[in-house]
Amino acid sequence: MTEKILKFLADERPDTPCLVIDLDVIEANYLELNRVMPEAKIYYAMKATPMPDVLVRLAKLGSHFDTASLGEIDACVALGVEPDRISFGNTIKKERDIAAAYARGVRLFAFDSKAELAKLGRAAPGARVFCRVLVECEGAEWPLSRKFGCAPEMAMELMVEAKALGLEAYGLSFHVGSQQTHGKQWRKAIARMAKIFASLRERGVDLKMLNLGGGFPIRYRDPVAPVESYTRIVMNAVRTYFGNRLPELIVEPGRSLTGDAGLIQSEVVLI
């Protein structure tokens, strides 16, 4: 809890329950991540905290946005965010939503299945697409290994097919799980991605981008290591496994930007 939040609650005495957020904390978290990882474009995962004031502050700082729905895309567009700063990062989308996002100028889309790729081929011709690959999530408080992603072998076949469909086979993504405290998981995942990049290059598909996902831990009750301790591991792994062929990098923080920026105050009526 920051002094600004304490003062607001004391002075305003808002009706409860209420959520109070200190935008300066979010800005500081964004700037720190940008400082320790300047090689990567930051795509804020909107689902973490989609409030307009949060989006406006991050947009002014130059953030890109990872969206999971057409509603989130429209929220960004309504605030003046350019479509080329928006990724439709949900791997499962309605075809009409893909078409609507494409009509709004969005050109970066995620997928992890043959059926989703077919929808993108029909509804977003020529768009840049990236395939989410399944990786291990041990060490995360909220693992995602059973929710999103496909096997590396399947990812390679899908990226070859993406090129055949006239889409730009742009890159790969992964997510090591939310609140991930084991840095080795990023290193293992990046090694796997580098192998897929190399295999696809031999098949005539030259990927350009690696999406590192999110997962950097934020402090709730227990202390966590500073974000730089994780980004150092990530960038060392990228340089080790990609060598002189460094891809464009994307990182998708959500709670690591907003999780420690506010609190919910409520009232106990009766015990």
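Q: Is Arg-122 buried or exposed here?
A: Arg-122 counts as exposed, because its relative accessibility is 55% and the cut-off for exposed is over 50%. Keep in mind that this is a predicted model.

Q: OK, which residue does Arg-122 meet in a salt bridge?
A: That would be Glu-95: the two side chains meet at 2.8 Å, N to O.

Q: How many salt bridges does the structure hold?
A: There are 18 of them.

Q: Which residue forms a salt bridge with Lys-208?
A: Glu-168 does, with the closest N and O atoms 3.7 Å apart. This pair also links distant parts of the chain, 40 residues apart: Lys-208 lies in the loop between H8 and strand S10, and Glu-168 lies in strand S8.

Q: How exposed are Lys-208 and Glu-168?
A: Lys-208 is partly exposed at 40% relative accessibility. Glu-168 is partly exposed too, with a relative accessible area of 28%.

Q: What about Arg-201, which residue does it form a salt bridge with?
A: Asp-206, and there the closest N and O atoms are 3.8 Å apart. Arg-201 is partly exposed at 28%, and Asp-206 is partly exposed at 47%.

Q: Which residues are linked in a network of salt bridges?
A: Lys-4, Asp-22, Asp-24, Glu-27 and Arg-57 are linked that way.

Q: Switching topic: how many residues has the largest nonpolar core?
A: It has 71 residues, and those with the most contacts inside it include Met-37, Phe-65, Phe-109 and Leu-210.

Q: Which helix gives the largest share of this core?
A: Helix H8, residues 184–202, with eight residues.

Q: What does Leu-210 touch?
A: Leaving out residues up to four places away in sequence, its contacts include Leu-172, Phe-174, Met-193, Phe-197 and Phe-242. Pro-247, Glu-248, Leu-249 and Ile-250 are also among them.

Q: And how many residues are in the second, separate core?
A: Seven, among them Tyr-43, Leu-108, Tyr-170 and Met-209.

Key:
Residues are numbered from 1 along each chain as its sequence is written. This is a predicted model: local features need pLDDT of at least 70, side-chain atom pairs count only at pLDDT 80 or more; totals for chains, interfaces and linings use all residues. Side-chain values use heavy atoms; hydrogens and water are left out. A nonpolar core is a set of buried Ala, Val, Leu, Ile, Met, Phe, Trp, Tyr and Cys residues joined through side-chain atoms within 4.5 Å. Buried means under 20% relative accessible area, exposed over 50%, partly exposed in between (1.4 Å probe, protein chains only). Helices (H or I, at least four residues) and strands (E, at least two) are DSSP runs, numbered from the N terminus. Contact means heavy atoms within 4.5 Å. A salt bridge is a side-chain nitrogen of Lys or Arg within 4 Å of a carboxyl oxygen of Asp or Glu.
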